[in-house]
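Q: Could you walk me through this structure, starting with what you mean by a buried residue?

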Amino acid sequence: MVTKTVLEKTTRFATKHFKVGVISPLTNKRNAKNFFQACEAACELGFVISVLAVGDEDSQAKCFELEKHYPEQFEVLEAIPKNKSYILNHVDIVLFPATPSEDNLKKVMKKGIVPIMPYQKDFSNFDAQKEEGNAFLFKEDSFWELLATMIRAFENFKFSYDWGNLQKHVKKTSENI
């Protein structure tokens with residue numbers, strides 16, 4: 001498991017502990033390439049990413065490669081219910097590289113975990129100034145936009161009042177899914 005020493009050893013962008021979880025399958029058909037490019041940059045920035053080992057062989061191999069290269073920022077967990085629960089209980093956001101399953105989205109939102117996902121009907125980008133929105137959304141075909149969305153989520157996470165408002169919106173939305 002990733003430890004607290006990540007923040008103690010770094011002078012990176014993410015100076016506040018920001019944990020990203022991935023619970024959906026990573027496959028070439030589900031934007032794994034964009035995910036891996038964005039995650040590599042996110043690890044360099046100091047984000048901590050926990051991934052369930054679900055997906056095609058290429059994606060799993062890339063996960064293990066990232067885990068070796070970024071042992072303090074990237075962890076791969078066996079895809080068992082206990083580890084999925086661990087992720088859902090210890091992350092700040094859940095990243096869906098492609099359109100999430102309704103079941104996964106419900107589980108995430110009921111816990112008040114903020115989703116980062118491709119644009120979806122009935123979801124809107126969080127706007128702290130207007131205190132509106134229920135997710136962080138990106139165009140599915142752009143790793144740059146995915147990375148920028150992760151950074152925007154982190155920038156909002158640093159402000160507990162804004163993050164608390166966002167979590168309330170997320171929980172309220174979960175009642176209507």
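A: A residue counts as buried when its relative accessible area is under 20%. Please keep in mind throughout that this is a predicted model.

Q: OK, so is phenylalanine 154 buried or exposed?
A: Phenylalanine 154 has 0% relative accessibility, so this residue counts as buried.

Q: And which ring does phenylalanine 154 pair with, and why is the pair called tilted?
A: The structure holds 9 aromatic pairs. In one of them the ring centres of phenylalanine 47 and phenylalanine 154 are 5.4 Å apart and the planes stand at 45 degrees, so the pair is tilted.

Q: Where do phenylalanine 47 and phenylalanine 154 lie?
A: Phenylalanine 47 is in the loop between helix H2 (32-45) and strand S2 (48-52), whereas phenylalanine 154 belongs to helix H6 (residues 143-157), so the pair ties together parts that are 107 residues apart in sequence. Phenylalanine 47 is buried too, with a relative accessible area of 0%.

Q: Which residues form the aromatic cluster?
A: One aromatic cluster is formed by Phe18, Phe47, Phe126, Phe136, Phe154, Phe157 and Trp163.

Q: What does asparagine 156 contact?
A: Asparagine 156, which lies in helix H6, is in contact with Phe126, Ala128, Phe136, Asp162 and Trp163, leaving aside its neighbours within four places in sequence. Its relative accessible area is 10%, and asparagine 156 is therefore buried.

Q: Back to ring pairs: why is the one between phenylalanine 35 and phenylalanine 36 edge-to-face?
A: Here the structure, with its 9 aromatic pairs, has the ring centres of phenylalanine 35 and phenylalanine 36 at 5.1 Å from each other and the planes at 65 degrees, so the pair is edge-to-face. Both phenylalanine 35 and phenylalanine 36 are buried.

Q: Switching to helices, how do H2 and H6 pack?
A: The axes of H2 and H6 are 8 Å apart and the packing angle is about 40 degrees. The two helices H2 and H6 are therefore oblique to each other, and H2 passes H6 in a right-handed crossing. On the H2 side the contact is made by Asn34, Phe35, Gln37, Ala38, Ala41, Ala42 and Leu45, and on the H6 side by Phe143, Leu146, Leu147, Met150 and Ile151.

Q: And what about H2 and H3?
A: H2 packs with helix H3 (residues 57-69) at an angle of about 5 degrees, their axes being 11 Å apart, and H2 and H3 are therefore roughly parallel to each other. The residues of H2 that meet H3 are Ala32, Phe36, Cys39, Glu40 and Glu44, and their counterparts in H3 are Ser59, Lys62, Cys63, Leu66 and His69.

Q: Now the sheet. What order do the strands have?
A: The sheet is open, with 6 strands in the order S3-S2-S1-S4-S5-S6 and parallel pairing. Strand S3 (74-77) and strand S6 (136-138) are the edge strands, each pairing on one side only, and from one strand to the next the twist averages 20 degrees.

Q: How many bridges pair S1 with S4?
A: Strand S1 (residues 19-22) and strand S4 (residues 93-95) are paired in the parallel sense over 2 bridges, and isoleucine 93 in S4 is the bridge partner of valine 20. Helix H2 packs on the sheet as well, where it touches S1, S2, S3 and S4 and makes about 145 degrees with the direction of S2.

Q: What about S4 and S5?
A: S4 and S5 pair in the parallel sense over 3 bridges, and leucine 95 stands opposite isoleucine 116 in S5. S5 is mostly covered, since 5 of its 5 residues are buried. Helix H7 (residues 160-174) lies across S4, strand S5 (114-118) and S6, and runs at about 70 degrees to S5.

Q: Last one: where is phenylalanine 96 found, and what does it touch?
A: Phenylalanine 96 is in the loop between S4 and helix H5 (102-110), and with a relative accessible area of 0% phenylalanine 96 is buried. Not counting residues up to four places away in sequence, phenylalanine 96 touches Ile23, Ser24, Asn104, Leu105, Val108, Pro115, Ile116, Met117, Pro118 and Phe138. From C-alpha to C-alpha, phenylalanine 96 and phenylalanine 74 are 16 Å apart in space, and they are 22 residues apart in sequence.

How values were computed: Residues are numbered from 1 along each chain as its sequence is written. This is a predicted model: local features need pLDDT of at least 70, side-chain atom pairs count only at pLDDT 80 or more; totals for chains, interfaces and linings use all residues. Side-chain values use heavy atoms; hydrogens and water are left out. Rings of Phe, Tyr and Trp (its six-membered ring) pair if their centres lie within 6.5 Å; planes under 30 degrees apart count as stacked, over 60 as edge-to-face and the rest as tilted. Buried means under 20% relative accessible area, exposed over 50%, partly exposed in between (1.4 Å probe, protein chains only). Helices (H or I, at least four residues) and strands (E, at least two) are DSSP runs, numbered from the N terminus. Contact means heavy atoms within 4.5 Å. Two strands pair if DSSP finds at least two bridges between them. Axes are lines fitted to C-alpha atoms, for helices over the stretch in contact, and angles run from 0 to 180 degrees between N-to-C directions. Angles under 35 degrees count as roughly parallel, over 145 as roughly antiparallel, 65 to 115 as roughly perpendicular and the rest as oblique. A crossing is left-handed if the near helix is turned anticlockwise from the far one by less than a right angle, and right-handed if clockwise.
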